[in-house]
Amino acid sequence: MAAEHSGGARRRWLVDVARWCPSPAQFQAAAALLPPHHHPAIARFVREEDRKRALLSRLLQYSLVHHVLGIPFHQIDICRTTEGKPYLENGTLAFRNFNFNTSHQGDYVGIASELLCLVGLDIVCISKPQGETTVDFLKNFSPYLTDHEWNCIHRLGDSVEMLTEFYRYWSLKEAFVKAVGAGVGFGLHRLEFHHVQWSNVSVYIDGIESRNWRFCLFKLDEMHLASIAKGHPEDAVNSFKRTLSNVLVEEEEFYAALEIPEEAFTLHTVEQLTQL
């Protein structure tokens, strides 16, 4: 994990859920920092691990907005589009297209934010399928993969390598969909990813290569991967686009922001997130 990036509104934060073992009182104290309308969405989960992920996902959003924009927790107004994309309702024009995205799976909950570009984050846990072979498991997802992607996965032969390769493609697709604010109805087969040893990752959308997107894959540990997608505000779906204040950005300014190199995630504790 890296030191905090000091530039503006760009953040890449992680919390290790497995390391947080709160007492009931500590859990309630953390939840009390959030507006009451979030509490039912957290409490509806039966498993404690799921409740922790739901809480920390929301806590990351409020903590990030607080630290980047200086807005007190109780004044932060985070809403969702009709597709479920979270956005800041009471932002400031100084942070024109400020947007963020959270993801959680396995041991990690994470958030990524950008000032100008759209940003999407997806975390995956590479878990071995139960009760079926790796090939049979992967066939369930073949409708969401292009022939090129499927061939790249299948030719590896080794089940562990195939599974890891699949999760790389899957997390990239999910990161793109989350960045543009699309819902579950977006056809993942419309996206085809190309790469050189998983660097210089590019995307073809409906068969046409897009020059307006950059992607980065991270190995968080032996079992977890994360993908970051950054792209042009014009590619946002309409419901999300309406929340942005500067969709028509200058080309030079956009590409300068797009080409900023990615840095590793900063690992935070829950105690750090709750320091107001």
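Colleague: How many residues lie between β7 and β8 in the hairpin?

Modeller: There are 2 residues between β7 and β8. Bear in mind that this is a predicted model. In the turn, Q197 has a positive phi of about 50 degrees.

Colleague: And which way do the two strands run, parallel or antiparallel?

Modeller: Antiparallel. Strand β7 covers residues 191–196 and strand β8 covers residues 199–205, with 5 bridges joining them.

Colleague: What stands opposite V196?

Modeller: S199, which belongs to β8.

Colleague: OK, the whole protein now. How many helices and strands does it have?

Modeller: It has 9 helices and 12 strands. The radius of gyration is 19 Å, close to the 19 Å that the globule rule gives for 276 residues, so the protein is as compact as a globular protein of that length.

Colleague: What box do the C-alpha atoms fill?

Modeller: Roughly 50 × 50 × 35 Å, taken along the principal axes.

Colleague: What share of the residues is buried?

Modeller: Of the 276 residues, 51% count as buried. As for the surface, the protein exposes about 13,300 Å², and carbon and sulfur atoms supply 51% of that area.

Colleague: Contacts next. Of those between residues at least 6 apart in sequence, what share joins residues at least 24 apart?

Modeller: That share is 62%.

Colleague: Last topic, charges. How many are positive and how many negative?

Modeller: The protein has 26 positive and 34 negative charges.

Terms used:
Residues numbered from 1 in each chain as written. Predicted model: local features only at pLDDT ≥ 70, side-chain atom pairs only at ≥ 80, totals over all residues. Heavy atoms only, no water. Pairing = 2+ DSSP bridges. Helix = DSSP H or I, 4+ residues; strand = E, 2+ residues; numbered from the N terminus. Rg over C-alpha atoms; globule rule 2.2 N^0.38 Å. Buried < 20%, exposed > 50% of the residue type's maximum accessible area, 1.4 Å probe, protein only. Contact = heavy atoms within 4.5 Å. Areas by Shrake-Rupley, 256 points an atom, 1.4 Å probe, with all protein chains shown as cover. Lys, Arg positive; Asp, Glu negative; His and termini not counted. Charge placed at Lys NZ, Arg CZ, Asp CG, Glu CD.
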